[in-house]
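Please look at the chain shown here before reading on. The paragraphs below go through its fold step by step.

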Amino acid sequence: IPDAFEHIPRPIFCIANLAVMACAQLLLAIGVMPALFAGTVIAGFSYGGFWTLMPSLVSELFGTSTFATLYNFQSLAVSTSSLVFSTLLAA
């Protein structure tokens, strides 16, 4: 979709995706069964959309000269924060 709307910057699509994810989290917080199903589907699509946008966001914001390094550090940051959250904060 970002390629079809070339006049809109890609970070705007990331903000829209995060807003959709916030709506999905609100649906999950309601706690009734239909809202849980809808929230799960919306959160799944939003999570997939986030990871689809990340390579183009990294290249647009920081350039392509060091794309591989920056993208790998971004992936490492997500993995590290997941480990820290699961072991230190939630345990």
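Residues are numbered from 1 along each chain as its sequence is written, and side-chain values use heavy atoms, with hydrogens and water left out.

The predictor's confidence in each residue is given as pLDDT, on a scale from 0 to 100. The protein chain averages a pLDDT of 86, and 96% of the residues score at least 70. Confidence is highest in H1, at 91, and lowest in helix H3 (residues 67-89), at a mean of 86. Where pLDDT is low, the predicted coordinates should not be read in detail.

The protein chain has three helices and zero strands; helices (H or I, at least four residues) and strands (E, at least two) are DSSP runs, numbered from the N terminus. Along the sequence, the pattern reads α-α-α. The radius of gyration of the protein chain, 16 Å, is well over the 12 Å that the globule rule gives for 91 residues, so the chain is more spread out than a compact globule. That radius is taken over C-alpha atoms, and the globule rule is 2.2 Å times the number of residues to the power 0.38. Along the principal axes, the C-alpha atoms fill a box of roughly 50 × 40 × 15 Å.

How do the helices pack? Helix H1 (residues 10-30) and helix H2 (residues 33-62) have axes 8 Å apart and pack at an angle of about 160°. Axes are lines fitted to C-alpha atoms, for helices over the stretch in contact, and angles run from 0 to 180 degrees between N-to-C directions. H1 and H2 are therefore roughly antiparallel to each other. The residues of their contact divide into 19 nonpolar, six polar and two charged; Ala, Val, Leu, Ile, Met, Phe, Trp, Tyr, Cys and Pro count as nonpolar, Asp, Glu, Lys and Arg as charged, and the others, Gly among them, as polar.

The axes of H2 and H3 come within 10 Å and cross at roughly 135°. H2 and H3 are therefore oblique to each other. Angles under 35 degrees count as roughly parallel, over 145 as roughly antiparallel, 65 to 115 as roughly perpendicular and the rest as oblique.

Arg-10 lies in helix H1 and is partly exposed, with a relative accessible area of 23%. Buried means under 20% relative accessible area, exposed over 50%, and partly exposed in between (1.4 Å probe, protein chains only). Of the 91 residues of the protein chain, 18% count as buried.

Technical notes: Predicted model: local features only at pLDDT ≥ 70, side-chain atom pairs only at ≥ 80, totals over all residues.
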